[in-house]
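Me: I would like a close look at one part of this protein, and then at how its surroundings are built. Please take your time and keep the wording careful.
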Amino acid sequence: MNLAAIYHEAKSKYAYMFDRKTLHLRLRTARGDVPSVTLVGGDPFRWIQSKEDPTHWEWDKSAAFLKPMQLEYQTALHDYWFEAVQPQWKRIRYAFILEKVDQKILYGSRSFYDLHQQPDAQFETSYYFNFPYLNHEDLFQPPGWVKDTIWYQIFPERYADGDSSNNPENSLPWGSEEDTTYKFYGGDLQGVIDHLDELAELGINGIYFTPIFESPSSHKYDTTNYYKIDPAFGTNELFGELMEKAHRRGIRIMLDAVFNHCGWFHPFWQDVVKHGRESRYYDCFLIERDPVINFDVEEGKIPKVSFDERGNLNFATFAFTPLMPKWNTDHPLVKEHLLGAMRYWTETYRVDGWRLDVSNEVPHAFWREFRQMLKQINPEVYILGENWDSSYPWLMGDQFDGVMNYELTYPIWFLLGEPDRVKQKYDVVEYQEAINQLLANYPKHNLPVMYNLIDSHDTPRIMSICDDNVDKVKLAYLLQFTFAGAPSVYYGSEVGLAGPEGHNRRCMPWDASQQNLDIRSFVRNLIELRKRYSVFSTVDLKWLLVDTEQQAFIFQKIEENQKLIVVVNTKADLVTLRIPDELKNKKYKDLFTDKVVELKEVLHLNKFEFSLLLG
């Protein structure tokens, strides 16, 4: 038995409250190494008098439970075992009994114990792990509406120009150039208002806006004024109108908060630039040495800083970007300023959610204070972090409700992306293992409220990832919409808008002749199906077939009386799949054709074909 691979940690993603009564427990072992795991445990205070010595009290072994654990998921290196328990008195000590051939080992909080040599160790609670109490205050409780949300991400400068009177002076004709990173085209909030009915018709019930506050750039991640809508987008009053009209259509709004850093022209920072250590805002930033500015600055203009100078700045920034000085979020003035802005927009305009830019670089303590304040205003506000990696430390109930789930994005890219468009390629087994790892990385109540995306303003578009292969793009959306979490559509991708890295913020094509309406219809159907059948949103899935030769797979999801069968061919060839025994000779409804199909011995799939079957 490979003891080095065995791992568990109490009060972690391996042992967490799922609800007020239920504790979820996981154990990791080496892949294929341990055939059987049993969970042993009980209440730590069940003491009785010893029959041998009445003056001695001992733990009541007869009150212990022994529950076989289920092999939940396999990854390339590990097996993950799972069991749910409901401690009668909301407290529990527990350990794991691992059996392999003639080995029988107890794994506890301090060590491993050979139960053949030490049989009494099986019920020695001092060896056990401890979950002292299921305190309801510690329970992860995200907003209930998020799991049923279909997000639509809008980069406002490039979505729609509804009011040309507020266009920046240097605006270009709509969609006239492809190299669009730093240019202006006149997109604004009125343009969004004008298209709310189309979004509602698509099935969208949540909009995520990249920053809309005053800023000199097209992307607005260099905030100048956190309390003011950028004039090129409209006014605070127009934003209020957008909120009212969106809510009337059942569409919630999530804004982007940039709290890691501000922009060069933010008044706090400009005061520091002018007055240095004499500025009352000096300690609002992370300044390492004087002089604060060690490069040429011309008042009222954005400085041009050489590559060498960027590596020798005297103040902390986002990345090596001198135009984005990093906030000291521990400073009272900073807290008052930033948290005050969140209070203003949330209370005044009933903003439904906040996406937090560069969230993993901001201290946990600030986010805890941020959450407490927002949830007092509205417990149903959604707090989303921009984390690109596995993020459990932020999702323990005291900070974020979800993160942007790039841990789902990458496997989909690596499975379907063209080799020259992605950093690595997955076959179907590697995809299966990556998805299993994602499912094992998070508690089961985290995943339903993640923000699931296949592209964004920070990535190449899915059409470019798939090298303009529409069939592959459809498969990407299919895998996204059949996974737990709230799926997001990046504006324009639903009509086939392409864009490699650096060209992924192109203007929305409003001419129908420039749109791929087949993709839009497909996405609309997926949205409708996901809303109609709750099984789409369930967390757990079971792999029924992963065929390395055919490069195809079948998995199922089950919720009460619904069973969803997802069949995917990732090859550009016809494949013939042998139907798993548990699906044979049974009838299912094809969700895209509405026809009843019976699975017998084999199933033929054309290139990149799929089936969504409901049983």
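In which strand does Trp 57 lie?

Reply: Trp 57 lies in strand E5, which covers residues 57-59 (strands, of at least two residues, and helices, H or I, of at least four, are DSSP runs numbered from the N terminus). The model is predicted, with local features needing pLDDT of at least 70 and side-chain atom pairs pLDDT 80 or more, while totals for chains, interfaces and linings use all residues. Residues are numbered from 1 along each chain as its sequence is written, and side-chain values use heavy atoms, leaving out hydrogens and water.

Together with Phe 45 and Trp 47, Trp 57 makes a nonpolar surface patch of about 400 Å²; such patches join nonpolar side chains (Val, Leu, Ile, Met, Phe, Trp, Tyr) within 5 Å, or like charges within 9 Å, among residues with over 30% relative accessible area and no salt bridge (a side-chain nitrogen of Lys or Arg within 4 Å of a carboxyl oxygen of Asp or Glu). Accessible areas come from the Shrake-Rupley method with a 1.4 Å probe, and for residues only the protein chains shown count as cover.

Elsewhere, Lys 104 is found in strand E10, residues 103-107, and is partly exposed at a relative accessible area of 26% (between buried, under 20%, and exposed, over 50%, with a 1.4 Å probe and protein chains only). Not counting residues up to four places away in sequence, Lys 104 touches, among others, Tyr 113, Asp 114 and Gln 122, where contact means heavy atoms within 4.5 Å. The C-alpha atoms of Lys 104 and Asp 518, 414 residues apart along the chain, are separated by 58 Å.

Asp 222, finally, sits in the loop between strand E15 (213-214) and strand E16 (225-229).
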